[in-house]
Amino acid sequence: MLAKIKHVRAFTVRGGGADYHDQGAGHWIDDHIATPMSRYPEYRQSRQSFGINVLGTLVVEIEAEDGTIGFAVTTGGEPACYIVEKHLARFLEGRDPTEYEKIWDQMYFSTQYYGRKGLVINAISGVDLALWDLLGKLRQEPVYHLLGGAVRDELQFYATGARPDVAKELGFIGGKLPLHHGPAEGLEGLRKNVELLADMRAKCGPDFWLMYDCWMALDVDYATRLAIACHEHGLKWIEEAISPDDYWGYAELKRNVPRGMLVTTGEHEATRWGFRMLMEMDCCDIIQPDVGWCGGVTELLKISALADAKGKLVIPHGSSVYSYHFVVTRHNSPFAEFLMMHPGPTEVVPMFAPQLLGEPVPVNGRMKAGALDRPGFGVELNRDIPLHRPYTH
Ligand SMILES: C[C@H](O)[C@H](O)CC(=O)C(=O)O
Ligand SMILES: [Mg+2]
């Protein structure tokens with residue numbers, strides 16, 4: 001028998017990390033990126049201006065009776081701390097950490113009347129990931145062993161950031177650019193979007209993958225015109241082009257894009273039921289659940305099995321080690337995303353820096369499965385950064 005769960009605690013941390021949009025001035029991730037708020041000129045230049053980084057990071061700690069502590073980070077900040085401490089903790093304390101299925105079920109159905117997506121599922125994901133970290137630490141095994149073991153010796157990555165040309169030099173298999181201009185910036189904006197891709201194609205050569213991340217900013221008509229205009233520059237996929245609630249629009253877009261171009265989405269989708277909608281309505285070619293936002297590893301296993309049966313790839317959004325331990329165990333996750341958190345971005349820095357210690361990074365666009373060979377998710381919390389515990393129970 002493993003030690004039972006003694007205590008659950010929730011903290012907030014500011015400054016990068018799991019809330020990777022919480023960066024300082026001059027960072028590429030806040031440089032005039034198209035969003036659904038770009039229709040308002042005053043919120044066009046900076047996503048922080050409309051509050052993209054308002055939540056901050058949620059840190060969940062789960063302590064077992066023998067003193068072992070599992071932890072995880074995700075986005076959610078103070079409101080998520082309230083949900084974890086005041087609502088979710090009751091489903092863990094006194095329980096056996098192997099009961100992650102029952103714990104997930106109780107967290108989800110007890111919050112269903114105010115949850116289902118968004119912040120509540122972020123909080124559930126944080127607890128679930130901390131539980132898997134605890135389980136790995138108690139069993140002295142990496143999480144990927146608990147998920148069935150590696151199906152390949154190494155992970156390969158594409159990079160997300162404003163400099164795919166640099167990503168290519170750093171050994172990545174592709175580069176995903178943020179889209180800078182949305183429909184409110186008219187034909188001039190559309191032309192600039194296409195020109196940037198053409199410029200990157202010229203710099204990166206014909207074979208390097210190039211993708212556009214549209215962060216929910218477009219409508220079907222604009223996304224279709226963008227896809228058609230970008231086809232001659234070899235756009236591999238168009239990501240999260242429209243609102244995550246518009247399943248019908250995604251189905252239409254998938255029918256509209258040029259043959260061979262992929263439609264991807266899912267980073268703001270949650271649970272097996274949300275992803276079932278995406279897949280049954282034939283909204284996309286690749287689903288991109290964020291492990292810290294979709295319900296955690298326990299839910300991702302279900303989403304991934306559904307996707308496998310439907311012949312869809314699962315390429316998790318961001319999520320650092322929480323993605324790596326999963327991706328290495330699944331044939332229908334043949335590569336992974338690496339979010340370039342260097343301001344330039346011209347260097348590889350850990351995705352959730354500075355909040356995690358021991359966070360592995362790709363070298364030459366790759367990472368050996370052996371880099372994950374430490375108990376749990378293999379990382380520790382950087383205790384030099386002040387933690388704030390706004391609620392207790
Ligand atoms: C670059 C995108 O706007 C966003 O910040 C990250 C993202 O959606 C992704 O990595 O995918
Ligand atoms: Mg994205």
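## Terms and model

Helices here are DSSP runs of at least four residues, numbered from the N terminus. The model is predicted.

## A pair within one helix

Helix H6 spans residues 186-204, and Lys203 and Asp199 lie four residues apart in it, so about one helical turn separates them. The two form a salt bridge, with the closest N and O atoms 2.7 Å apart. Side chains of opposite charge can pair when their charged atoms come close.

Lys203 has a relative accessible area of 47%, so it counts as partly exposed. Asp199 is partly exposed too, at 34%.

The whole structure holds 27 salt bridges. One of them joins Arg9 and Glu61, whose closest N and O atoms are 3.0 Å apart. This pair links distant parts of the chain: Arg9 sits in strand E1 (residues 5-13) and Glu61 in strand E2 (residues 57-64), 52 residues apart. Buried means under 20% relative accessible area. Arg9 is at 12%, so it is buried. Glu61 is at 3%, so it is buried as well. Both belong to a network of salt bridges that links Lys6, Arg9, Glu61, Glu63 and Arg383.

Glu337 forms another salt bridge, with Lys176, at 3.3 Å between the closest N and O atoms. Here strand E11 supplies Glu337 and strand E5 supplies Lys176, 161 residues apart. Glu337 and Lys176 are both buried.

Asp213 and Glu239 are buried.

## Cavities

There are three cavities of 30 Å³ or more. Strands E5 (174-178) and E11 (336-339) each supply at least two lining residues. By class, the lining has seven nonpolar, three polar and five charged residues.

The second largest cavity has a volume of about 70 Å³. Strand E3 (residues 69-75) gives the most to its lining, with three residues. Among the lining residues are Tyr20, Asp290, Trp293 and Phe352. This lining divides into six nonpolar, five polar and one charged.

How values were computed: Residues are numbered from 1 along each chain as its sequence is written. Chains are lettered from A and ligands numbered from 1 in the order in which they are written. This is a predicted model: local features need pLDDT of at least 70, side-chain atom pairs count only at pLDDT 80 or more; totals for chains, interfaces and linings use all residues. Side-chain values use heavy atoms; hydrogens and water are left out. On a 1 Å grid over the protein atoms alone, a cavity is a set of points where a 1.4 Å probe fits but cannot get out, and a pocket is an open set with protein on both sides within 12 Å along at least five of seven lines; lining residues have an atom within 4 Å of a point. Grid points are joined across faces, edges and corners, and a volume is the space filled by probe spheres set on the points. Ala, Val, Leu, Ile, Met, Phe, Trp, Tyr, Cys and Pro count as nonpolar, Asp, Glu, Lys and Arg as charged, and the others, Gly among them, as polar. Buried means under 20% relative accessible area, exposed over 50%, partly exposed in between (1.4 Å probe, protein chains only). A salt bridge is a side-chain nitrogen of Lys or Arg within 4 Å of a carboxyl oxygen of Asp or Glu.
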